[in-house]
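Trainee: Please take a close look at a single strand of this model and its surroundings. I would like one connected account, ending with the packing elsewhere in the chain.

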Amino acid sequence: MRASLVSAAILGLASQAASIDPLVIKGSKWFNSKTGAQFFVKGVDYQPDITSTSTVRDPLADTAGCTRDLPFLKDLGVNAIRVYQTEPFGNHDKCMSMLSDAGIYVMLDLSTPTETINRDSPAYDVGLLGYYQRKVDTFAKYDNVFAFLAGNEVTNAYNNTGASAYVKAALRDVKSYIKSKHLAIPVGYATNDDADIRWQLQTYFDCGSISDRADFYGINLYEWCGPAATFESSGYANVVKNFTNWDVPVLLTEYGCNAIKPRTFPEIAAIYGSNMTSSFSGGFVYEYVEEPNEYGLVKVSGSTGTKTADYDYFKKALAAVNPSGVSMSSYNPSGKQQSCPSVSASNNWIASSSLPPSPSNATCSCMMNTLTCVSKQSSMPTSAGDLAKFGQSVSSIFGVVCGTVDCGAVSGNATTGKYGKYSFCDPLQRVSWVMTEWYNDQRNVDGACDFDGFAKVVSVKSTDDSSCSDQKDDPQSSKGPSSDKGDSSSSSSSAAKILGGAPSMAALSVSVVLAMLTSTLL
């Protein structure tokens, strides 16, 4: 991690037969832990769109797809891939083993389109943390997993910078979980390049205590368009200047403008040349598979792949560079940690350095034992119709109750840095707390706990919630997903059981509803 010279493979994976040298971070650079040579990512963003032909959303659980794609990856000469969407169930052994044998490292995004922090109505609860923890448990055993990303372009404009507080809290908690498992896989963040909030974002994820800060920083950069552009005219020079004397590794998590076709990738000479190698550790070109946006290097169909016009240009440009680095033993880090950006409209930043609390199932369970008016439903609906009805009911309850009683205990405000002690509980728990507050406010009169048939009265198990905030989950007792050695597509039907507290699309949608209703209450 930040100053650690111990990798996940060294500490926690002794039982795995390592076929690829572990990577470690020292200061602002990655190194090969065995040879001591500086490591530069020569990567490609890898997310084959297999949803149209399979229920599997996870390319690393698709052995046939990996078998199809590996020859292309080796031929391109890449040493790493970034995978946006994976799941903590299914069997990843074959794909990960093939990649490791080929000398290819893997950077994994923790979030998926359904398990993520919504930029416009951010919320971070026990379900999302549980999902991230299970993903760590699933992939930490592989020797070629060299990093996790806690978010990708979550904040992309001034008016949603508050979402970064929730992402940073998730990053903090995943780092803590990894440490509790005696591992040292770094956790970072990937951002778009918006000049109005560029500096604020990068300093925000570098400020605060070491437990809160990102271990590395990624930028999705598409400014270099065509062979006529230069390091200066493209805007690359301005981006690189911002990271002079930075204290953690920085890399391009996406690059490759396609405004001019075919792409000849002149920026690669700069990325791996003297202009950038002192502060950047390489990058991932966007992207491997051809999609309607026409950024792909390979067009895939079933078990076959066909090179696009960009393929050979990228291969040639990558083969032409041989970045010169420093040895780990001779490198003395001198980078400086940044201060947090000020919170103000004039500074285009509305995320406080005070982060949301770490979610705790134990705290939420303790709270539930003190409630007298709770939801009749014990789990989230799954069908679109039932979800819509549920969302409408919850919206109505929050709208009525929180206009009369103080709902601060289940609310959060990233700008003020104030978060309720139950703000991280799941949607059913939070709405149950709200309904109990209303029921108490109405002196428990008949009908006060009905909410159009949504709620029911229960016997209280405890009359005092004063100790609930002291209840913490034991990370060592957390169990990963069930073993699934069969075809990963068959695991989809049992996903909810395997994931436990991880939110489904339904849970995520209701979390968003609750966040929209409560985020301005504090």
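Mentor: Strand E10, residues 250-255, is mostly covered in this predicted model: six of its six residues are buried. E10 pairs with strand E9 (residues 217-221) in the parallel sense, over five bridges. Within that pairing, Asn220 stands opposite Glu254 of E10.

Now the packing. In soluble globular proteins, nonpolar side chains tend to be buried together. The largest nonpolar core here has 89 residues, and Phe148 and Phe314 touch the most other members. Helix H5, residues 163-180, gives the most to this core, with 10 residues. Beyond its neighbours within four places in sequence, Phe148 is in contact with residues including Leu108, Val136, Ile178, Val187 and Phe216. A second, separate core of 34 residues includes Val374, Tyr422, Leu428 and Met435.

An antiparallel arrangement is found in another sheet, an open one of three strands in the order E1-E2-E3. Strand E1 (23-26) and strand E3 (38-39) stand at its edges, each with a single partner strand, so one side of each is left without a neighbour in the sheet. Two bridges join strand E2 (residues 29-32) to E3, and Phe31 has Gln38 in E3 as its bridge partner.

How values were computed
Residues are numbered from 1 along each chain as its sequence is written. This is a predicted model: local features need pLDDT of at least 70, side-chain atom pairs count only at pLDDT 80 or more; totals for chains, interfaces and linings use all residues. Side-chain values use heavy atoms; hydrogens and water are left out. Two strands pair if DSSP finds at least two bridges between them. Helices (H or I, at least four residues) and strands (E, at least two) are DSSP runs, numbered from the N terminus. A nonpolar core is a set of buried Ala, Val, Leu, Ile, Met, Phe, Trp, Tyr and Cys residues joined through side-chain atoms within 4.5 Å. Buried means under 20% relative accessible area, exposed over 50%, partly exposed in between (1.4 Å probe, protein chains only). Contact means heavy atoms within 4.5 Å.
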